[in-house]
Amino acid sequence: MGTIDNIQAGTMTRRSFLGFSGALVFAIGAGGLEHVARADDRLSEISPNAWLRIARDGKITIIFPLTEMGQGSSTSLPMILAEELDAAWDDVVVEQLDRDDRTYGNPLFGNVLYTAGSTGVRAYFTPLRLAGAQARRMLIETAARHWSVDPSELETEPSLVRHPASNRTISYGDLVDLWDASVQIPEVTEADLKSPADFRYIGSDAPRRDSFAKSTGAQTYAIDVTVPDMLFAAVLRAPVEGESPLSLGDEAARRSTGVVDVVILPDGVAVVADTYEHALAARDLLDVTWSETSPARAFDSEADLAAYAAAAQDLAQTAAVWSEKGDAPAAIAGSDRQVERVYLSDYAYHAQIEPMAAVASVDPDGKGAEVWAGTQSQTLTTLTVTKVLDTTPDRVRLNMMTMGGGFGRRTALMQEYVRDALLASKATGRPVKVVWTREDDVKTGALRPAAAQHLSAGVTGDGRVSGWRHRVAAPSVIAFFNPVRWEQVKPKDIITMKGSDNPFYDLPDLLAEHVVTQRGARLSPWRGIGASYTTFAAEAFLDEVAHEAGQDPVELRRTLLADNIRGQKVLSRVLEMSDWARKRDGTALGLALGHYGPSQGALVVEVGVDADSGLISVTNAWGAFDAGLIVAPNNALNQLEGGIVYGLSSALKERVTISSGEIEQSNFYDYEILRANAVPEMSVELLEVDAPPTGIGELSTPMVAPAIANGFFALTGRRLRHMPFTPDRVLEALEAPV
């Protein structure tokens, strides 16, 4: 483990962690409590449990089990423990965890170390509180023995134990010398935790611990790592997935300045040189003949999407049931009127700021390695190393780095950039850094899948929705990026189908089903996963159903939220925030609701359109969200606003096309993302609710596209059913008959 501030301090395994602490140690697993204990006569620090250490100087080191990619959980999670420990926040040092699933694994991801799905605070909220509370009680017990008083007479202030009757205090740091291994480890339950009314930190806005380093350029990412004797590798990658080099002319590259070696990889050729610039220059001199037999050469995004649309509309085609209540087909067939529409969405690239990069130093025997990488899973990174080197986890010394963005891109079971660094290091016998260029990252991207969705609903004579059927035709994302997990969960793919179950509406007859289509690209989770397109279809379709039923879309939503009090509140609040009833000149408002896990929200956007160019402008956005208890409000608002910007970019700009198996875009000049001057004014609120935390990071993104589509209809009377809403599609919609 390394501190967030100085992550290159080195790797510390679980075994070395115990040895280093040299103190009373017991582990509090994410799912409960367990302990081991031993003592040392001379302690430099104590470890009341596996989540923290306290030093003589008062420094309190708290373990951060996730990975940081900009979401801020490296601050919010330690705050949770510090709250129950009653630690002074300025005393806290955050330490990045590199390994140890058994003790620290994410309970919402099968207890593996995995950062995704807006689960961080939600998953670790209770375990970290228990860890802090238990450590606090042990500190109180130690002070009580020292003063020969009953523990019940003591209380704590930040980093202090106090005996009010005698007005004596002792700091947590001074208790290190008084630590007694015979102190009984107390049982702690949720009943022993603080009342929210007593919170010092939870619900406050402590500055993020990573802000200073990131603001000053001091933060070290994998792309920045430098180790002694290190070489650099640039990889010429196969133009089409599944191809490999058949023959290689590398004489010119080998003669190029600084080149040390040329290494053949399963799907590319790595040029290894003394500088990255030399490696890139020599890469251009490679003469590679690639195989031409990969089935991926038939990948074509336009043809794939047409096939998906046909599959979605073919109700006789077999589909995997994702969610089912009542009998939706019968309810729709029995209604007075049936409404059906098809919605399309294209492939999308993650566009994380830091392209893939890793450093590997393989041991001389080829069966061990030290690795520096920024990924969303320590577990899967370790697994990648063991698979590539055919070795065991104990031979892997992993340094988890802060990421320059993730959004799901860094979750794959096999992390190719780590693999490439390992193979290049093994071949050269020296540490090697592999850096993907932006073009490498786009051309070899693992994408959000293209999807076609057929929605149908029945409308009764009195304007009620009777039956709701949502068929998603798209490939399985899990089957590609984590086939081991797919074997466990198939045919249910949450990455593809998230959001299609519409749990916040009262739809007694609902069927959400997945037509699992052929994959036409590399795939991986994307921010909001399936909800990023299923919510677009569902909320845009609901507007269309309301129109067909002669109902106001807002009132129809109110009716469907009859049993969802929290949903009613976010809807009412966002209507109030946006002054919904006020008419605008030249613009119109669009509304969408959405959820991500137990979190839910409502978003309104103000939409304008240039009828000549087809450019849509979004000038204002208002959002009201319910994500339970909020640990760090300012960070939560930042995440929601960032999610809105991400959703705007996806809805208006981002599109990957594939022809003959090759991605046609290569960099931000032809894969445009939303520019700063197009970001609207935003007003975002979090509702205060008495409920556990439920996740923030991916909540707002899915609502943006349907809100724009609904606003566009309110402004023009035309529908947008294909995301992104590029100018050509907008012009086509404007010219379509009403």
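1. Let's start with the crossover: strand E17, helix H10 (residues 378-389) and strand E18 make up a β-α-β unit, and its hand is right. Bear in mind throughout that this is a predicted model.

2. How do E17 and E18 run relative to each other, parallel or antiparallel? They are parallel, with five bridges joining E17 (residues 369-373) to E18.

3. On to the charges. The count of salt bridges comes to 49. One of them is between the side chains of Glu-95 and Arg-53, with N to O at 3.1 Å. Glu-95 belongs to strand E5 (residues 92-96) and Arg-53 to strand E3 (residues 52-55), so this pair ties together parts that are 42 residues apart in sequence. What I'd look at here is the burial: Glu-95 has a relative accessible area of 5%, so it is buried. Arg-53 is buried as well, because its relative accessibility is 5%.

4. Lys-194 and Glu-83 also meet through their side chains in a salt bridge, 2.7 Å from N to O. Lys-194 sits in the loop between strand E8 (168-171) and helix H5 (211-216), while Glu-83 is in helix H2 (residues 73-85), so the pair ties together parts 111 residues apart in sequence. Glu-83 counts as buried because its relative accessibility is 0%.

5. Then there's Asp-626 with Arg-566, a salt bridge whose closest N and O atoms are 2.6 Å apart. Distant parts of the chain are linked here too: Asp-626 is in strand E25 (residues 616-626) and Arg-566 in helix H18 (residues 565-578), 60 residues apart. Arg-566 has a relative accessible area of 29%, so it counts as partly exposed.

6. Now the rings. Searching the whole structure turns up 12 aromatic pairs. Among them is Tyr-417 with Trp-436, an edge-to-face pair with 6.3 Å centre to centre and 80 degrees between the planes. This pair links distant parts of the chain, 19 residues apart: Tyr-417 is in helix H11 (residues 416-428), and Trp-436 is in the loop between strand E19 (432-435) and helix H12 (438-443). Both Tyr-417 and Trp-436 are buried.

7. Phe-504 and Tyr-505 form an edge-to-face pair as well, at 4.5 Å centre to centre and 70 degrees between the planes. Phe-504 is buried, with a relative accessible area of 8%. Tyr-505 is buried too, and its relative accessible area is 3%. Elsewhere, Trp-51, Tyr-104 and Tyr-124 form one aromatic cluster.

8. Last, two places where a charge sits over a ring. Lys-492 has its charged end over the ring of Trp-322, 5.9 Å from the ring centre. Arg-527 does likewise with Tyr-646: its charged end sits over that ring, 5.3 Å from the centre.

How values were computed: Residues numbered from 1 in each chain as written. Heavy atoms only, no water. Salt bridge = Lys/Arg side-chain N within 4 Å of Asp/Glu carboxyl O. Helix = DSSP H or I, 4+ residues; strand = E, 2+ residues; numbered from the N terminus. Buried < 20%, exposed > 50% of the residue type's maximum accessible area, 1.4 Å probe, protein only. Pairing = 2+ DSSP bridges. Right-handed = clockwise from strand over helix to strand, strands pointing away. Phe/Tyr/Trp six-rings, centres within 6.5 Å; stacked < 30°, edge-to-face > 60°. Lys NZ or Arg CZ within 6 Å of the ring centre and 35° of its normal.
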